[in-house]
Amino acid sequence: MVWFDGVVLVAELNVAVVGCGYWGPNLIRNFAESKLTRVKYVVDLIPERLAKLSRRYPGTQFVSDFDKVLEDRELDAVVIATPVHTHYQLAKQALLADKHVLVEKPMCLNSLECEELIALAAARKLVLMVDHTFVYNGAVRRIKSAIDAGALGDVLYFDSVRINLGLIQNDVNVIWDLAPHDLSIMDYLIGLEPTSVHASGVSLVANKQEEVAYLSLQFGSKFIANFHVSWLSPVKIRRILVGGTQKMVVYDDLEATEKVKIYDKGVDVSATGDEDRYKTLVEYRAGDMLAPAYDLTEALKVEVEHFADCILNKKSPLTSGESGLRVVKMLEAANASLRSGQPESLVKKAEVLLR
Ligand SMILES: NC(=O)c1ccc[n+]([C@@H]2O[C@H](COP(=O)([O-])OP(=O)(O)OC[C@H]3O[C@@H](n4cnc5c(N)ncnc54)[C@H](O)[C@@H]3O)[C@@H](O)[C@H]2O)c1
C-alpha cells in the first residue's frame, strides 16, 4: 500500500499467505485475483509444496523463512492457513511486526490466546479477522436477511449435521475440525451466546481424538442449538435447520442449486378451558415452500474483499477476533464437557474470568 499525505495512492495491499497445504491455495487464488491485494509471499515449511504452486504465480516469492518475510516494511497483511496449534504464535509474530492478520478457524487453541491477540491488535490498531468462511456465503447471508426481517418469527432452534468419511486429524478432534463452521454460522445468524454446552463423543477407530460427536447448546431462553459432527459417516451431509414460530429454513450446502428452502410450516398451539376442563389445541400449518435467490459469489472472494476494505477504510470485520473468541469458548466448553460427561457452563467461566 502506498500512502501520500495520509491519502492512499495505490490501494494494493501486499499480503503473505502462510501455509499452502489443503486450504491455503484457495486463499492464495482469491488474494491473487483481487484488485485490492497482491500475494507478495507464500510461506511454507515444505519445499515441495512451495515448488508445486510457484509455477502458477510467477510474481510471488515462495519462501520458508517467516521471520524474514515479516521484516519487509512493504508487507501489509499476513494470512495464516497452518494447523491450529501454530495460529497463536504466527499471528502474534505478525501483529508485533505491525501486519494486519487473517487467521484460519479455529482462531487459537484456547480463549486466553484469542484474548491476547485481540488486545494486541487493538493496541496496535491492526485488523484481526478470522476465516469463518460460511459467514460470507450467499446462502447463509440470505438466511440472515430472512431472520433479521422477522420472516421466521421468533427463532426456536438451530440444528446442524456435518458428517462424512472425513480426514481424521492428529492435533484436534472432530468438534474442533468441523464444528467451527456451524458454530460460526449460528453465532452470525442468531447472535446469542450460549449459557452451557453439553458434548458427547467417542474415538471409535484411531483411539485418539473423538471422531464422532454431538453438541447441545443451551441459551437460558426458549432457544436450543444442536450439532452432529462426524468423520465416520458413509454419506456426506451438510445440512442446517433453523426453526421459527412462523417459518422454518432448511439449508443444504450439497444441493447444486436451491440450497436454501424456506417452509411456511409450523405448529400453532392455543389453550382453551373452562372451570372444569383445560385443553391444549394444536393446529398444523403447511403452506408454500420458497427457494429464494441468493448471491452466488464465492465466499472467499467476498471475504478477501471485506478484509481489504477493513484495512483500507479502518473498519471492524464481520468475523473479528471477538467472533473467533466466541467460537473458541464454545469449543473449549465442548472439550471440557467431553471429559467430565457433564454440561459445561459458559456463564460460570465468564464470572470466574471477571474476578
Ligand atoms: N475455512 C475453511 O473452510 C477451512 C477448510 C479447511 C481447513 N481450514 C483451516 O485451515 C488451516 C489449515 O488446514 P489445512 O487442511 O490446509 O492443513 P494442511 O496440513 O493441509 O496444510 C497446512 C500447511 O501449513 C504448513 N505449515 C505448518 N506449520 C507452518 C509454519 N510454522 N510455517 C509455515 N508453514 C507451516 C504445512 O507445511 C502445510 O503445508 C486449519 O486451521 C484448518 O482448520 C479452513
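Axes here are lines fitted to C-alpha atoms, for helices over the stretch in contact, and angles run from 0 to 180 degrees between N-to-C directions. Everything below comes from a predicted model, where local features need pLDDT of at least 70, side-chain atom pairs count only at pLDDT 80 or more, and totals for chains, interfaces and linings use all residues. Residues are numbered from 1 along each chain as its sequence is written.

**View 1. Helix α1 (residues 24-33) and α8 come within 9 Å, axis to axis, and cross at roughly 60°.** That angle makes α1 oblique to α8 (under 35 degrees is roughly parallel, over 145 roughly antiparallel, 65 to 115 roughly perpendicular, and the rest oblique). Helices are DSSP runs (H or I, at least four residues), numbered from the N terminus. Look for Asn26, Leu27, Asn30 and Phe31 in α1, which meet Leu300, Lys301 and Val304 in α8; contact means C-beta atoms, placed from the backbone, within 7 Å. By class, this contact has four nonpolar, two polar and one charged residues. Ala, Val, Leu, Ile, Met, Phe, Trp, Tyr, Cys and Pro count as nonpolar, Asp, Glu, Lys and Arg as charged, and the others, Gly among them, as polar.

**View 2. The ligand sits among 22 surrounding residues.** Closest are Gly19, Gly21, Tyr22, Trp23 and Glu104; a residue counts as near if its C-beta atom, placed from the backbone, lies within 6 Å. The shell divides into eleven nonpolar, six polar and five charged residues.

Methods:
Helices (H or I, at least four residues) and strands (E, at least two) are DSSP runs, numbered from the N terminus. Two residues are in contact if their C-beta atoms, placed from the backbone, lie within 7 Å.
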